[in-house]
Amino acid sequence: MRQLTLDKLAELHLGGMMKALKAQADEPKICQMEFEDRLLMLLDAEEFFRKQRSLEWRLKRAGLRQNVRAEELDYRAGRTFDRTLFERLLSGEWLRQKRNVIITGPTGIGKTFLASALAHQACQSQLGARYFRTPRLLAELGIARGQGTMRTKLASLARVDLIVLDDWLLAPLSDLERRDLLEIVDDRYEKRSTLICAQLPLENWHDAIGDPTLADAILDRLIHNAYRLSLDGGSMRKARGLAEQDRGNIDPTQNPGEPIARSRARAERVPSE
C-alpha cells in the first residue's frame with residue numbers, strides 16, 4: 001500500500017510529500033501520531049520543497065556571479081561601509097518601493113559580493129533577478145539590434161524585478177550604447193529596481209557617459225531614487241591572495257595584487273520625496 005501511495009505522489013509531482021512520507025516510515029513516533037498531524041507535516045514538507053525548487057530556478061535564472069547569502073558576509077573583513085543601511089536593504093523594502101541601489105568602491109573590495117547577496121535575498125522573496133556585466137549586456141544588445149530582436153530583449157529586461165549592472169562605466173560608451181542604457185533605465189524607472197556596481201565615483205559618471213544630454217537623462221532616472229552605499233578599504237581579492245601565500249598554497253609571483261585607491265567611507269540615504 002505504501003508503494004502505491006508513493007507512486008501516486010510521484011505521478012502527481014508531489015516530490016516533497018513523497019520524500020517526507022519515506023522519512024516518516026523510519027520514525028516510529030511519527031507513525032503513532034494522529035492522521036491529520038502527519039498529513040500537516042507532509043503538506044509542510046511539500047510547501048518547503050516547492051519553495052526550494054522555485055528558489056533554485058530563480059537563482060539559476062539570475063546568473064549571479066557569486067551565489068552568496070547575506071549570512072555569509074564577514075563584517076570583520078578589511079573594508080568599511082554603512083552596515084545599518086545594508087541591513088535595511090536586506091529587508092527588501094527598496095524593491096517593493098521600486099527604488100535603486102548604487103554601490104561604489106575600488107576594485108576588489110567586494111561590491112559584487114554585496115550586490116549578489118541583495119539579489120539572492122530578492123530571489124528568496126520570490127522576486128526575479130538578473131545579473132549582468134554592463135559591457136557584456138551592451139554587446140548583447142548590439143547583437144540583438146542586428147538580429148532584429150532588440151525590442152524583445154528590452155521588453156524582457158523591463159519585466160525583471162531586479163537587474164544588477166556590474167562594471168558600470170568601466171569602458172567608454174558609444175552613442176548607441178548610451179542610447180541603449182537610456183532605454184533600459186527609462187523602461188524601469190519607478191516600475192522595477194536596478195542595482196549598479198561601479199568603481200568610478202558617482203560624481204564622475206556624468207562626464208564618463210560622454211553626451212551631456214543623454215547623461216542627464218540616464219542619471220536622472222537612476223540616482224534620485226537610489227540608496228547609495230560606498231565601500232572603503234583594501235582589496236578583498238588581494239587579502240585572500242596574501243592569505244593563500246601565508247599558507248604556502250600559491251606562488252606569490254603569480255598574484256602581485258593591485259594598488260587600491262582609498263577614499264572616505266560614506267553612505268547617503270535616498271532623498272525624501
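Gln-52 is placed in helix 4, where helices (H or I, at least four residues) and strands (E, at least two) are DSSP runs numbered from the N terminus. The model is a predicted one, in which local features need pLDDT of at least 70 and side-chain atom pairs count only at pLDDT 80 or more, while totals for chains, interfaces and linings use all residues. Residues are numbered from 1 along each chain as its sequence is written, and side-chain values use heavy atoms, with hydrogens and water left out.

With a relative accessible area of 32%, Gln-52 is partly exposed; buried here stands for under 20% relative accessible area, exposed for over 50%, and partly exposed for what lies in between (1.4 Å probe, protein chains only).

The N-terminal end of helix 5 is capped by Asp-82, which places a side-chain oxygen 3.1 Å from the backbone nitrogen of Thr-84. Just after the helix comes Gly-92, with a positive phi of about 85°.

Positive phi values also turn up in residues other than glycine. One of them is Lys-98, with phi near 60°, in the loop between helix 6 (93–96) and strand 2. Lys-98 counts as partly exposed because its relative accessibility is 30%. Another is Asp-167, with phi near 55°, in the loop that runs between strand 4 (162–166) and helix 10. Asp-167 has a relative accessible area of 16% and is therefore buried.

The neighbouring topic is polar side chains in strands. Asp-166 belongs to strand 4 and, at 2% relative accessibility, counts as buried. Its side chain makes a polar contact with the side chain of Thr-112 at 2.6 Å; such a contact is a pair of N or O atoms within 3.5 Å, and within protein one must be able to donate a hydrogen and the other to accept it, with residues adjacent in sequence counting only if both atoms are side-chain atoms. Asn-100 lies in strand 2 (residues 100–104) and counts as buried at 5% relative accessibility. The side chain of Asn-100 reaches the backbone oxygen of Leu-222 at 3.1 Å.

On a 1 Å grid over the protein atoms alone, a cavity is a set of points where a 1.4 Å probe fits but cannot get out, and a pocket is an open set with protein on both sides within 12 Å along at least five of seven lines; lining residues have an atom within 4 Å of a point. Grid points are joined across faces, edges and corners, and a volume is the space filled by probe spheres set on the points. The count comes to 2 cavities of 30 Å³ or more, and the second largest cavity has a volume of about 50 Å³. Its lining includes Lys-98, Asn-100 and Leu-222, along with Tyr-189, Glu-190 and Asn-225. Helix 10 (175–188) and helix 12 (212–222) each supply at least two of the lining residues. By class, this lining has 3 nonpolar, 3 polar and 5 charged residues, where Ala, Val, Leu, Ile, Met, Phe, Trp, Tyr, Cys and Pro count as nonpolar, Asp, Glu, Lys and Arg as charged, and the others, Gly among them, as polar.

The second largest pocket has a volume of about 170 Å³. Among the residues that line this pocket are Trp-57, Arg-58, Arg-61, Arg-130, Arg-159 and Asp-161. Helix 4 (35–62), strand 3 (129–133) and helix 9 (150–159) each supply at least two residues of the lining, and helix 4 gives the most, with 3 residues. The lining divides into 3 nonpolar, 2 polar and 5 charged residues.

Finally, the cysteines. Cys-123 counts as buried at 0% relative accessibility, and Cys-197 counts as buried at 0% relative accessibility too. A search of the whole structure finds 0 disulfides, a disulfide being a pair of cysteine sulfur atoms within 2.5 Å.
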